Protein chains: 2
Amino acid sequence: LNEAVPLEPEMRRAGEFDLIAELRRMAGPSADARHLVGIGDDAAVTLPGGATATSIDALVDGVHFRSAWCPPRAVGHKAMATALSDLAAMGAEPGEAYVWLGRPHGLDDAGCLELAEGLIDVARRHGAALLGGDLTMAPALSVCVTAVGHAARAEDLVGRAGAGAGDVLCVTGELGSAAAGLALLEDPGLAGRVGEAADAAVARQLEPEPRSLAGPALARAGASALIDVSDGLGADAAQLAAASGVEITIELERVPVGPGVAEVAAAGSIERVELLGGGEDYELLCALPPAAVEAARAAVRQTGTELTEIGAVGAGSGVVIRDAEGGSYPLGGHDHRAR
Amino acid sequence: LNEAVPLEPEMRRAGEFDLIAELRRMAGPSADARHLVGIGDDAAVTLPGGATATSIDALVDGVHFRSAWCPPRAVGHKAMATALSDLAAMGAEPGEAYVWLGRPHGLDDAGCLELAEGLIDVARRHGAALLGGDLTMAPALSVCVTAVGHAARAEDLVGRAGAGAGDVLCVTGELGSAAAGLALLEDPGLAGRVGEAADAAVARQLEPEPRSLAGPALARAGASALIDVSDGLGADAAQLAAASGVEITIELERVPVGPGVAEVAAAGSIERVELLGGGEDYELLCALPPAAVEAARAAVRQTGTELTEIGAVGAGSGVVIRDAEGGSYPLGGHDHRAR
């Protein structure tokens, strides 16, 4: 934004009335009886009952994605998915979402509506209602989502801190595809060398699906600690280990490998472990007492994915990643904070 | 942000562990028994009870302020104040706040901590706890705050839609100083011509105080509709009129004029009505049945400010602003959407 442009109140809000009205129409009235007032007043009004889990996350062009390869609908999809993933990682049921959209001059009304479609589609499919929003100008496309989830009692929610020595470490779904997708999007030449396998990986990067059903299922099945794989397997395992005061050992060959990972690693001369630890898969990593594993696996299967045992929880601290030959790897996840 | 910089996971989070730990220490544990889990897990956990009011707002450098004249502490102060003002405008008691901080390369760790001090100081003084946050890089300093307020019952909250013909229109405090402050900050030459009166106006622009006590007091006193003066007196009155299906008449000479407004108008050759309608004062505009006015005035005085009758609610639609000679003004508030 140009310093010469005066700060006028009309810049603070970045939408004509008809765009705001259209966004409000798209969000629609919520069918949830706990939602008394949605978009359009100073604040939304709800009757939450029970316990709530609340998380705030933002995506920014040039930091988390590039608008050059991430269409507005995918930006909205991913922003809502990452916010809802935090609720799944607590074992909470999705309830409400509140969104700020920072709109650059280059995003027209149609782009705003496409972005809102992505947001609202994901919210609706996962049982969350968009109850509030703010729309202003911003130098780069930015979306901030606050998601609120629910549980009957606080005891039904599972944080990061409950893992104990002897627990089994499990993960839902498969890892690495989101990082493979990012590599493909950042290097179009690589996509040409990878061929068909590229599509699935790119889809996982652009439009991840939060584990909204598996999270509460794992909580009910007795998970002792739960976190989503956002920063990267190693980094997130380190968070869980630190919060629980335990050591986590991950057997690399047991980590389920997502579509496109092998092909991108081969075509791009990238270590497979880098992709597996690259994050943004939004799968759930959990610690389970051994007696709870079978029931948890069955419950997760009911939600349409698999639960795989990938390691163990022991006394100590930190994370060890071992390959089949007993070699030890750095954490992966690229997160220098966690090294 | 440079397109040539790869999108690496470490860019997604913009803080070293020790900065995150320091921010968490500053936020502190909440003394509120309803706050079970704060910063540090995938989501905060609360036991809200009753009804909640939730609002999301963002401030962006170059859109809502300029870092050239708005120090980090004031950015944090104003971001939290504007969010809490939405709760006051529902008559809700402040409860929890969740913050995303988008950090440009130019803002160092000390600047982040100063900004957090501003956020946390306002939250704490108004009874809200900072329970969650996200810190990432962003091309321009950006702060998004979701604020959650509470009331025992949904019926205790007051929206924009309840004003009826015959109601009296009132406003807390004084208007225009925030716009006068903005004019001063945007034109340092003007400040030199205004002298001492500039300080109070600049303070109201940089560090407004939400009416966290007056909002619930007005709700208890029987306000039929309530909104905060953020976009501008005329624009916000128009929102209230449209939501309630009424016409609002404002008597310009009755609008309480804040410090510095007369001086800035004179020195800057700015119409006083432009400043009065310039918004960002975060006072409360409310409709009250005539029988409720005296009690409301007394209740608001107990909170440390005055309630002034500035107009009337009648049948019809839209807003009319009249001066002492019967002349009619455009709305003010600079908001072309509302014209």
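# A guided tour of chains A and B

Begin by selecting helix 3 (residues 72-88) and helix 4 (residues 109-125) of chain B, which pack at an angle of about 35° with their axes 7 Å apart. Axes here are lines fitted to C-alpha atoms, for helices over the stretch in contact, and angles run from 0 to 180 degrees between N-to-C directions. Helices (H or I, at least four residues) and strands (E, at least two) are DSSP runs, numbered from the N terminus. This is a predicted model, in which local features need pLDDT of at least 70 and side-chain atom pairs count only at pLDDT 80 or more, while totals for chains, interfaces and linings use all residues. Residues are numbered from 1 along each chain as its sequence is written, chains are lettered from A and ligands numbered from 1 in the order in which they are written, and side-chain values use heavy atoms, with hydrogens and water left out.

Remain on this helix pair. The crossing of helix 3 of chain B with helix 4 of chain B is right-handed, meaning that the near helix is turned clockwise from the far one by less than a right angle. Show side chains at the contact (heavy atoms within 4.5 Å): helix 3 of chain B contributes residues including Val75(B), Met80(B) and Leu84(B), and helix 4 of chain B residues including Leu115(B), Leu119(B) and Val122(B). The contact residues comprise ten nonpolar, four polar and five charged; Ala, Val, Leu, Ile, Met, Phe, Trp, Tyr, Cys and Pro count as nonpolar, Asp, Glu, Lys and Arg as charged, and the others, Gly among them, as polar.

Next, select Ser85(B), also in helix 3 of chain B. Ser85(B) has a relative accessible area of 0% and is therefore buried (under 20% relative accessible area; exposed is over 50%, partly exposed in between; 1.4 Å probe, protein chains only). Not counting residues up to four places away in sequence, Ser85(B) touches Pro210(B), Asp228(B) and Tyr282(B).

Now display the open sheet of six strands, ordered 5(A)-4(A)-6(A)-3(A)-2(B)-1(B) with mixed pairing. Two strands pair if DSSP finds at least two bridges between them. Its edges are strand 5 of chain A and strand 1 (35-37) of chain B, each pairing on one side only. Neighbouring strands are turned by 20° against each other on average, direction ignored.

Within the sheet, select strand 4 (residues 93-103) of chain A, where ten of eleven residues are buried. Nine bridges join strand 4 of chain A to the antiparallel strand 6 (residues 142-151) of chain A, with Ala97(A) partnered by Ala147(A). Eight bridges link strand 4 of chain A to strand 5 (residues 129-137) of chain A in the parallel sense; Glu96(A) has Ala129(A) as its bridge partner, and Arg103(A) has Met137(A).

Finish at Leu184(A) in helix 5 (residues 177-186) of chain A. At 3% relative accessibility, Leu184(A) is buried. Leaving aside neighbours within four places in sequence, its contacts include Leu190(A), Val194(A) and Val264(A).
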